[in-house]
Amino acid sequence: MADETRILVLNPNPNDLDKTLIKANSQNKKSGPFSATILMGDVVPSGKALPQTELLESTYFAQGCNGISNVVEEKSLHSTSTLIDIADNFTYVKPPYSIIKLVSGTTMLIVSGTLSKESIDKITQIKTRIDLLFTFKWPMALSFLKSIPQVGDETIDMLVKLIKPQYHFAVGKDEGNVFCEIQPFKWRGGEITRFISLAQEGSGDKWFYAFKMGGEPDDMTKFMDNPFLTKKRYMDNRDNGVDVVVKKAKVVTPEHCFFCLSNPKTETHMIVSIGSQAYLTVAKGPLTRSNKDLSFSGHGIIIPIQHVPHVNDRNGPIRQEINQFQQTLVKAFASQKPFLKLIFFELNRHDNVHHNVQFLPVYESQLDKFPKSLEYRTKINNEKFKRNQSLEFAEFTKENDPRLEDIEKENDYIKFTICTSESEFKFYIAKLVKGKPLDIQFPRRVLAHMLNLLDRVQWDKCQQPKFKEMADCEEFKQFYRNYDFT
């Protein structure tokens with residue numbers, strides 16, 4: 001029976017796995033026997049050797065975020081099973097997951113590596129009740145609850161809502177250092193879920209958890225509102241400028257990336273020009289609109305053809321061609337619309353889905369408003385919305401300034417380029433701390449404030465009909481034709 005199930009969960013330090021396994025054996029002798037021992041996180045990552053400790057009870061581990069040992073991978077290559085016996089009582093769960101039914105009747109689902117939407121679809125077909133869930137990442141709903149969205153993955157939200165496990169264990173980070181046990185919550189069908197995230201062994205925080213399945217909660221048990229059943233947190237975070245959809249928490253492959261030309265759903269009717277390293281397209285949901293002075297919105301995007309999250313190498317072919325697009329666009333506007341000046345902006349981040357540089361034209365008379373709008377939105381970001389990472393912008397007037405080059409070479413950053421003429425520029429750049437939550441709409445908020453277009457901050461509320469997108473693209477092509485180098 002499931003109520004006889006005893007489970008031991010540990011998050012070992014991969015640099016001293018044997019130490020953890022010795023403790024697991026000790027716990028089995030002292031408090032067991034356990035029906036199963038689960039090792040969380042990066043247990044035997046790439047480059048690590050197998051442990052030497054002989055285990056007393058069935059022990060399972062999966063792939064974390066740093067790959068898997070070559071020895072483990074070789075043992076699993078030619079097996080069709082999702083469970084690979086690496087040694088006695090030491091079993092590897094092959095990606096993407098395995099469902100394990102214990103002798104006691106308890107059923108576990110262990111996620112290994114990255115979980116895809118296709119895997120969720122397969123799990124949907126399973127009729128067995130799943131009691132225990134083990135994942136590396138947290139669900140996004142709970143990561144926002146604790147103001148650490150960088151540890152969340154929306155795919156895990158889908159899985160939790162699908163199976164409604166009694167217990168869900170995770171670690172969230174590649175070097176886990178936070179223990180967190182969230183108050184239990186109920187589902188509409190009466191199911192109860194408890195979530196526990198373990199720190200890593202040696203961190204000084206709780207890194208193991210032993211418990212017995214079964215039994216009903218007593219009358220004193222306090223339940224929190226189910227965070228998966230309310231949309232309020234999404235609206236709150238959107239209003240607060242938090243990057244609600246942390247897309248880097250899950251892998252987006254080129255065939256599913258809307259910026260990749262290999263994606264069959266790419267909206268080719270919006271492409272203005274295609275080079276060898278990058279392409280130019282009109283923006284979907286543009287901030288600016290066509291008017292009597294410009295027959296198209298002018299808001300466009302320069303996108304690398306290669307599926308890359310960031311471009312830090314100034315001298316690399318991708319950045320060189322992006323610069324070439326920028327230079328020719330500046331010339332096109334200087335020649336045909338000299339009263340309009342371009343502003344380029346980009347979020348250069350290691351966890352972007354696909355790097356891009358956006359731009360839009362503004363009246364020359366409006367340029368003086370930019371520093372104040374940047375200062376205002378920065379102050380709002382830093383003082384009002386504490387969950388966002390704090391921003392500090394530095395100003396440069398020369399592109400070859402060594403300090404500017406150093407920032408671009410070594411860091412994630414937000415950057416604005418103000419083109420006052422074909423040869424005069426101002427650069428405003430802020431270094432970003434990797435992994436900290438960021439308002440990805442920040443550049444658009446700054447420019448919306450500057451242009452007094454506050455009702456157009458959200459791009460998805462500014463989408464145009466397809467015929468208008470096509471018309472904008474054709475007008476842009478004609479405007480850019482004599483400057484197109486591709």
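## A salt-bridge tour

Start by selecting K468, which is partly exposed with a relative accessible area of 22% (buried is under 20%, exposed over 50%, partly exposed in between, using a 1.4 Å probe and protein chains only). This is a predicted model, where local features need pLDDT of at least 70, side-chain atom pairs count only at pLDDT 80 or more, and totals for chains, interfaces and linings use all residues. Numbering runs from 1 along each chain as its sequence is written, and side-chain values use heavy atoms, with hydrogens and water left out.

D472 is buried, at 2% relative accessibility.

Next, pick E201 and K19, a salt bridge with its closest N and O atoms 3.5 Å apart. E201 is in the loop between β13 (192–197) and β14 (208–212) and K19 in helix α1 (residues 17–31), so this pair ties together parts 182 residues apart in sequence. E201 is buried at 7%, while K19 is partly exposed at 38%.

Last stop: select R314, E405, E408 and K415, which are linked in a network of salt bridges. Within it, R314 and E405 meet at 3.7 Å, N to O.

Zoom out, and the whole structure holds 16 salt bridges.

How values were computed:
Salt bridge = Lys/Arg side-chain N within 4 Å of Asp/Glu carboxyl O. Helix = DSSP H or I, 4+ residues; strand = E, 2+ residues; numbered from the N terminus.
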